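Open the model in your viewer and keep the selection panel ready.

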Amino acid sequence: MPTEAEVLAVVRTVPSARRLLDVADVFAGDPRIAIHWALDPGSALGGGTRALLEARGIRPLSFSSAASGGSGTGGGLGTGNDRRWRLVLAASENSPLDQIKAPILLLPHGAGHGKGIASERVTQCAPAAIGLANAQDAARLASLSPASGAAARVVGDPCWDRLVASRHRRSRYRAALGVGSSARLLVLSSTWGPLSLFSRHTDLAARLTATLPWDAWRVAMVLHPGVRAVHGDDTVFRWLRPALDRGLLLLDSDDEWRAGLLAADALIGDHGSVTLYGAALGVPTAFACFGWEEVDPEAPIAGLGRAGRSFDADGALRDQVAELADGAGEPGLAERVFAHQGMALERIAEVAYELMGIPRIRQDVAPVAVPLPRAAHPTPSAWWFTASADDGGVAVERYPVSESVPGGARLLAHVHGPDPRQPAVATVVVGTTDLEACPGAYVAVEGAVVTLRGRGVVEVAGDLDSALVGAALHAWVFQLGRAVPEELRVNGSDVRLTARRQA
């Protein structure tokens with residue numbers, strides 16, 4: 001295909017690649033423009049970047065090849081130094097962009113420049129235009145480097161625009177993440193480094209998943225890709241294993257973390273960009289820690305940190321989470337941080353085509369909603385449960401099994417779970433109707449069928465989890481000594497029970 005202009009997107013880390021993948025949409029529908037990608041291997045946090053690009057069908061050039069004009073590896077993209085890039089897109093000033101002879105459009109890879117603008121690096125790569133989220137960032141850059149300040153263009157934030165364009169899908173994101181209509185979602189957000197939430201409070205996810213009732217709360221974590229790039233997936237997953245076994249949602253991909261923020265009811269974070277995006281969306285936000293040593297005191301995240309709530313990671317977790325979720329968000333934050341809302345791609349397109357010297361043929365460049373998460377999120381296979389009479393029915397709370405046993409709790413376990421010891425001592429077993437094989441159990445649940453030892457079999461009708469109903473029936477029949485009813489109120493919902501003849 002003959003093209004008029006070839007654009008080079010230089011990526012260094014997963015966040016910078018994600019940002020430029022959003023920005024590349026400004027060229028959608030324009031066959032005159034071909035985009036090529038180059039991978040700068042210079043960052044210790046760069047692990048996973050090539051895999052992200054290849055998952056999108058992108059075979060990146062080596063940076064040296066791109067800098068020399070495109071020769072060498074790169075999937076048959078020409079030979080020799082005959083290529084002249086009409087535009088370079090970058091989302092990090094730390095790449096050696098000065099080695100590429102072409103106009104550079106430099107953008108941030110997060111929510112502004114929370115850790116400050118590296119003015120010396122910006123000056124060295126001499127971008128033709130610097131796209132910034134707001135006028136305050138432009139003023140700060142000009143104060144640091146008048147030459148770079150002259151290249152500043154306030155374009156807004158394309159990631160923020162996609163978040164806003166996705167708000168109408170909140171209920172669908174919640175369903176895709178397995179958050180029921182009666183549950184709330186708590187998101188933990190951690191940047192990278194020794195001052196991050198994950199470094200300072202590595203076990204917070206494990207303690208939250210053990211403390212918060214399963215049917216009322218889900219816990220998710222957004223972990224900066226740099227953590228996994230440095231330590232490796234295997235190590236990070238082992239560190240998080242207790243929380244993952246208790247149902248922690250590790251929101252891995254770009255689509256997942258954005259969907260998680262849109263589905264969230266509360267957010268506990270640190271000084272990373274994800275925390276700022278969540279607070280700007282209106283999610284009640286608190287800080288478990290803050291890396292003041294790393295943050296530009298004039299950056300929006302610093303202002304949020306000074307004014308925001310604190311979360312005591314060593315305090316009473318359940319009460320703090322409930323208080324946080326019942327609180328208010330940060331009114332007016334988005335308007336202060338993100339200029340030209342809904343128009344970032346449009347303004348970036350204007351700058352890009354201007355730098356290439358090519359008229360635009362497409363005038364409508366709008367943000368699109370984030371796709372629904374596709375990854376399966378496993379649930380725990382065993383819970384501690386407590387039950388008590390409540391308003392003519394039964395109130396049940398389930399907690400994913402941990403070393404901490406709630407007072408008066410009994411065990412509910414799936415017979416096919418990974419730990420064979422659990423169903424052997426469980427009061428309620430799931431995945432079978434055969435109580436004879438589970439001599440310690442009083443209730444067995446399989447699908448919609450609940451078997452009660454010595455009391456017959458009932459079929460459950462309703463939207464509640466049958467295992468939850470089984471736990472309620474144990475309390476109703478074996479603890480309170482009552483007959484099996486035709487209808488039972490469980491956690492405020494009426495459940496119809498139909499007696500079945502045992503085979």
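## Whole chain

Begin with the charges: the mean positions of the 48 positive and 54 negative charges of the protein chain are 2 Å apart. Lys and Arg count as positive, Asp and Glu as negative, while His and the chain ends are not counted. Each charge is placed at NZ of Lys, CZ of Arg, CG of Asp or CD of Glu.

This is a predicted model: local features need pLDDT of at least 70 and side-chain atom pairs pLDDT 80 or more, whereas totals for chains, interfaces and linings use all residues. Numbering runs from 1 along each chain as its sequence is written, and side-chain values use heavy atoms, without hydrogens or water.

Now show the cartoon. The protein chain has 21 helices and 22 strands. These are DSSP runs numbered from the N terminus: helices are H or I with at least four residues, strands E with at least two. The C-alpha trace spans about 85 × 50 × 40 Å along its principal axes. Of the 503 residues, 55% count as buried (buried is under 20% relative accessible area, exposed over 50%, partly exposed in between; 1.4 Å probe, protein chains only).

## Helix 10

Select residues 204-211. Why is helix 10 described as largely enclosed by the rest of the structure? Because 6 of its 8 residues are buried. They are Leu204, Ala205, Ala206, Leu208, Thr209 and Ala210.

## Salt bridges

Stay with two of those partners. Glu397 forms a salt bridge with Arg318, with the closest N and O atoms 2.7 Å apart (a side-chain nitrogen of Lys or Arg within 4 Å of a carboxyl oxygen of Asp or Glu). Glu397 sits in strand 15 and Arg318 in helix 17, 79 residues apart. Glu397 is partly exposed at 28% relative accessible area. Arg318 is partly exposed too, at 33%.

Move to Arg19 and Asp157. Their closest N and O atoms are 3.8 Å apart in a salt bridge. Arg19 lies in helix 1 (residues 14-23), and Asp157 in the loop between strand 7 (152-154) and helix 7 (158-165). Are these two buried or exposed? Arg19 is buried at 5% relative accessibility, and Asp157 is buried at 1%.

Last stop: Glu354 and Arg153, a salt bridge at 3.2 Å between the closest N and O atoms. Glu354 lies in helix 19 (residues 344-356) and Arg153 in strand 7, so the pair ties together parts 201 residues apart in sequence.
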